[in-house]
Amino acid sequence: MSELWVLLALCGLATYLWRGPGVLLSAGIDPRSEAFAWISCVAYAIIAGVVSRMLVMPTGALAETSALERALGSAAALGAYFWLTRRNLLVGVAAGAAALWLLKL
Amino acid sequence: MLVAGFLGFGALAAAQDIPLGIAVASTVVIWALPGQIVFVEMHALGAPLAALVIAVMVSSARFLPMTVMLMPEMRDERHRAWKYYLAAQLLSLSGWTMAVVRFPQMARAQRLSWWYGFTLVLMVVSALSTALGYLGADRLPPLARLALVFMVPMYYLLILTGAVQNRSAALGLACGAIAGPLAYLASPEWSVPLAGLAGGSAAYLILKRT
């Protein structure tokens, strides 16, 4: 329990290492450098990797759903996002969640 | 738009048995949805501490170029330095995007107080959404919990497919989406940083070649 708080504090600190130095460095650093281009690719890949694993090989709560149910839920979210609304993220996400709910009823 | 992501995150934290206090505090302390999801998921996978902290850290790397771009726009002699260090903690993609739009029509001296007002509202709304998603998943029937947790992958699925105009974002997300499950097969505890490194480097190389 308390070790989770320590872990959270470490993660907060680690994230702040990108924010705080930006105040000082403001002038001397080039946001368009190659190192930045690479690390931002890695940052996008990390979150996409976690989320796609949740969809393809779920652990925890989503493990109770079948691959077909998750695929149909994703299709509902994409459909609502691109065709029903003009890219309304909240509606799209809600449509996906509602579709999964209906499939499971 | 933020609400959907943080509702789902709260539900995910509840489903993975993270205490409510930790879930809500993470919205204030980490204040980056990808980092928070990585934190909860890797904790559930039993990842080693170093792997977890590194993955959370790297997932927020975009903040450095964002702060570097934003801070000179807010600088004004009348404000003390510590206010900028606190302002940096409030940085998120939504706040930054809005600031880039609004700053040109705003007097320099007003920008910092506008930033505090706007980003603190974002943070409070997000923290409340986290708590709401958590309590919803905890108190509602299991089916509702399932639907709420499902909001997390849906949120990023839509962001991924919506970002196709931004080539580096789209390629990074696509390569990561492929690398994630593969790395999980190789090593569940290390899968997150592994997939990021492999997928991100592949995306970078593809970007350079084309």
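Predicted model: local features only at pLDDT ≥ 70, side-chain atom pairs only at ≥ 80, totals over all residues.
Residues are numbered from 1 along each chain as its sequence is written, while chains are lettered from A and ligands numbered from 1 in the order in which they are written. Local features need pLDDT of at least 70, side-chain atom pairs count only at pLDDT 80 or more, and totals for chains, interfaces and linings use all residues.

## Where the chains meet

Two residues are in contact if their C-beta atoms, placed from the backbone, lie within 7 Å. Helices here (H or I, at least four residues) are DSSP runs, numbered from the N terminus.

Two packed helices are described by the angle between their axes and the distance between the axes. Axes are lines fitted to C-alpha atoms, for helices over the stretch in contact, and angles run from 0 to 180 degrees between N-to-C directions.

| Helix pair | Angle | Axis distance |
|---|---|---|
| α1(A) and α2(B) | roughly 15° | within 10 Å |
| α1(B) and α3(B) | about 15° | 10 Å |
| α8(B) and α9(B) | about 150° | 7 Å |

Take the pair that spans the chains. Helix α1 (residues 2-25) of chain A and helix α2 (residues 20-29) of chain B cross at roughly 15°. That makes α1(A) roughly parallel to α2(B); roughly parallel is for angles under 35 degrees, roughly antiparallel for those over 145, roughly perpendicular for 65 to 115, and oblique for the rest. The crossing of these two helices is right-handed. A crossing is left-handed if the near helix is turned anticlockwise from the far one by less than a right angle, and right-handed if clockwise. From α1(A), the contact uses Leu4(A), Trp5(A), Leu8(A), Ala9(A) and Gly12(A). From α2(B), it uses Ile22(B), Ala25(B), Ser26(B) and Val29(B). These residues divide into 7 nonpolar, 2 polar and no charged.

Within chain B, α1(B) and α3(B) pack at about 15°. This makes α1(B) roughly parallel to α3(B). Their crossing is left-handed. Gly5(B), Phe6(B), Phe9(B), Leu12(B) and Ala13(B) of α1(B) meet Leu33(B), Gln36(B), Ile37(B) and Val40(B) of α3(B). By class, this contact has 7 nonpolar, 2 polar and no charged residues.

Gly133(B), Gly136(B) and Ala137(B) of α8(B) meet Ala144(B), Arg145(B), Leu148(B) and Val149(B) of α9(B). The contact has 4 nonpolar, 2 polar and 1 charged residues.

## Covered helices of chain B

A residue is buried if 20 or more other C-beta atoms lie within 10 Å of its own, exposed if 12 or fewer, and partly exposed in between. Is α1(B) mostly covered or mostly uncovered? It is mostly covered, with 12 of its 14 residues buried. Phe6(B), Leu7(B) and Phe9(B) are among them. The buried residues of α1(B) pack against α4 of chain A, and against α2, α3 (33-44), α8 (108-139) and α9 (142-162) of chain B. After α1(B) comes Asp17(B), with a positive phi near 60°.

In α2(B), the buried residues are Ala23(B), Val24(B), Ser26(B), Thr27(B) and Val29(B). Their cover includes α1 of chain A, with α1, α3 and α8 of chain B. Just after α2(B), Trp31(B) has a positive phi of about 50°.

## Two single residues

Tyr81(A) lies in helix α3 of chain A. Tyr81(A) is buried, with 25 other C-beta atoms within 10 Å. Not counting residues up to four places away in sequence, Tyr81(A) touches Arg87(A), Asn88(A), Gly92(A) and Leu158(B).

Ala170(B) sits in helix α10 (residues 167-186) of chain B. Ala170(B) is partly exposed, with 18 other C-beta atoms within 10 Å. Leaving aside neighbours within four places in sequence, Ala170(B) is in contact with Ala163(B) and Val164(B).

Conventions:
Nonpolar A, V, L, I, M, F, W, Y, C, P; charged D, E, K, R; others polar.
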